[in-house]
Amino acid sequence: MYRRILIANRGEIALRVIRACREMGIESVAIFSEADRGSAYLDFADEAICVGTAKSADSYLKFDRVISAAEVSGAEAIHPGYGFLAENAKFNEVCRSCEIDFIGPMPGPMERLGNKDLARQLAMSANVPVVPGSDGIISDDGEAKRVAEGIGYPVLIKAVAGGGGKGMRIAETAEDLSTALNQARTEAAAAFGNGDVYIEKFVSQPRHVEVQILADTHGNVVHLWERDCSTQRRHQKLIEESPAPNLPSATRTAMCEAAVRLIQNAEYSNAATVEFIVDSDNNFYFIEVNARIQVEHPVSEMVTGIDLIKSQILVAAGEKIPYRQSDIHCRGVAMECRINAEDPAADFRPNPGKITHMIAPGGLGVRFDSHVYTGYTVPPHYDSMIGKLIVHQPTRLQAIECMSRALDELCIEGIATTIPFHRRILREPAFVDGSMDTKFVERNWEHLSSRD
Ligand code: ADP
């Protein structure tokens, strides 16, 4: 097992990995930019090394600085967290060439699954249902038109290198097609340096359901059930939960098995998430694989009792997954609210600044994963998520009641946060009965955005 791990990340996920290392008797090395200097989570690591200025491109994303930090501190492995370098196959390769383990998949499977078109082809070869669409990359407008007519409008144009909703455009009719194609290509080329796109049928009012996978280097692949992440605003997840409400058990089983098949076929190891959309008739379709730990992983940890970060470290070090599929049970209901330093009353504008007062909630079944505290200043340079409030209860209704109570207790003063917005979502009838799809927030925008 590793003696020292460097965490190539910041904030709550860095703290989450530090905690796992501490419990495993592994020393942790944190890195920080000048904007994160003095952050209290750095005190929990065994060592903290500054890697550059506030701008991510000059610190957290700088290969040579991150790798030098690992080398000088004697770390044998790097945990990338999520975001930053987590899905960068080149960085993964450079780590390994410097004889530092990358806690994640090998570069080959990471690269193949990171390309949405290749991932889609892999899914088809593993007999996993995909959204009807083009046979690979679209070469010209004529081909796009033929494909769109074949599957029927509306269609979705998606960048093969896409992520975070970028490089994705809907074409409602044939008239929109050429403009949508150009916009998707231009946006993708600017954001990812790759303008290739493909076409999918646009599934109306889908639910977003994803399967958590864990795979070791000995060919064992298990799933930790699913998470429903339909409660989104503009493709940004707000609330995630497990199990997915109102999902027929046959669909659930088939989806989890499909996800395992895909990961087995990809010869992938470590943690992954296989994302699906589910239509109103409960048909599910593969959309993409995330080759890393995800923000919402605690939801799966709570229902299964399995520590995913520790599992990632174990399998990266070459150990076998210590449980069989039949040992992994989904107990009760877990729910997570993302607490962002954003102002819901001002179109979710980021609201960095000093937290003048903070009280974290507690009680049975309440978990708050966060690196912030009274006196902490949220820097303006990074993602605005400052914490994740997670509850675990026997039933979904109890989870909603517990989350409402915990949100009432969670006090963050000095900056605007998404707390009031979450409170309103939890009261919304369509959320309470579990019938939300990805457009639920937009549809109920009027009351969700009104003040209490
Ligand atoms: P990204 O990697 O940019 O986040 P995804 O492929 O994960 O892109 O899709 C993001 C979201 O877009 C999904 O959660 C879903 O809500 C929606 N989406 C993706 N594909 C489709 C589709 N074919 N039809 C309808 N909605 C879709």
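This is a predicted model: local features need pLDDT of at least 70, side-chain atom pairs count only at pLDDT 80 or more; totals for chains, interfaces and linings use all residues.
Local features require pLDDT of at least 70 and side-chain atom pairs count only at pLDDT 80 or more, whereas totals for chains, interfaces and linings use all residues. Residues are numbered from 1 along each chain as its sequence is written, and side-chain values use heavy atoms, with hydrogens and water left out.

The protein chain comprises domain 1 (4–103), domain 2 (132–201) and domain 3 (207–448), with bounds taken from an automatic or database domain assignment. Between the C-alpha centres of domain 2 and domain 3 the distance is 29 Å. Five residues from domain 2 and four residues from domain 3 take part in the contact (heavy atoms within 4.5 Å). About 330 Å² is buried between domain 2 and domain 3, with carbon and sulfur atoms giving 54% of this area; buried area is the accessible area (1.4 Å probe) that two parts lose on being put together, summed over both. The side of domain 2 that touches domain 3 consists of two nonpolar, one polar and two charged residues. Zero salt bridges are counted between domain 2 and domain 3 (a side-chain nitrogen of Lys or Arg within 4 Å of a carboxyl oxygen of Asp or Glu).

The count of disulfides (cysteine sulfur atoms within 2.5 Å) is zero. The sulfur of Cys50 lies 19 Å from the closest cysteine sulfur, in Cys95, which is too far for a bond. Cys95 is likewise in no disulfide, the nearest cysteine sulfur, that of Cys98, being 7.1 Å away. Cys50 is partly exposed at 31% relative accessibility, whereas Cys95 is buried at 0% (buried, under 20% relative accessible area; exposed, over 50%; partly exposed, in between; 1.4 Å probe, protein chains only).

Definitions and conventions. Ala, Val, Leu, Ile, Met, Phe, Trp, Tyr, Cys and Pro count as nonpolar, Asp, Glu, Lys and Arg as charged, and the others, Gly among them, as polar.
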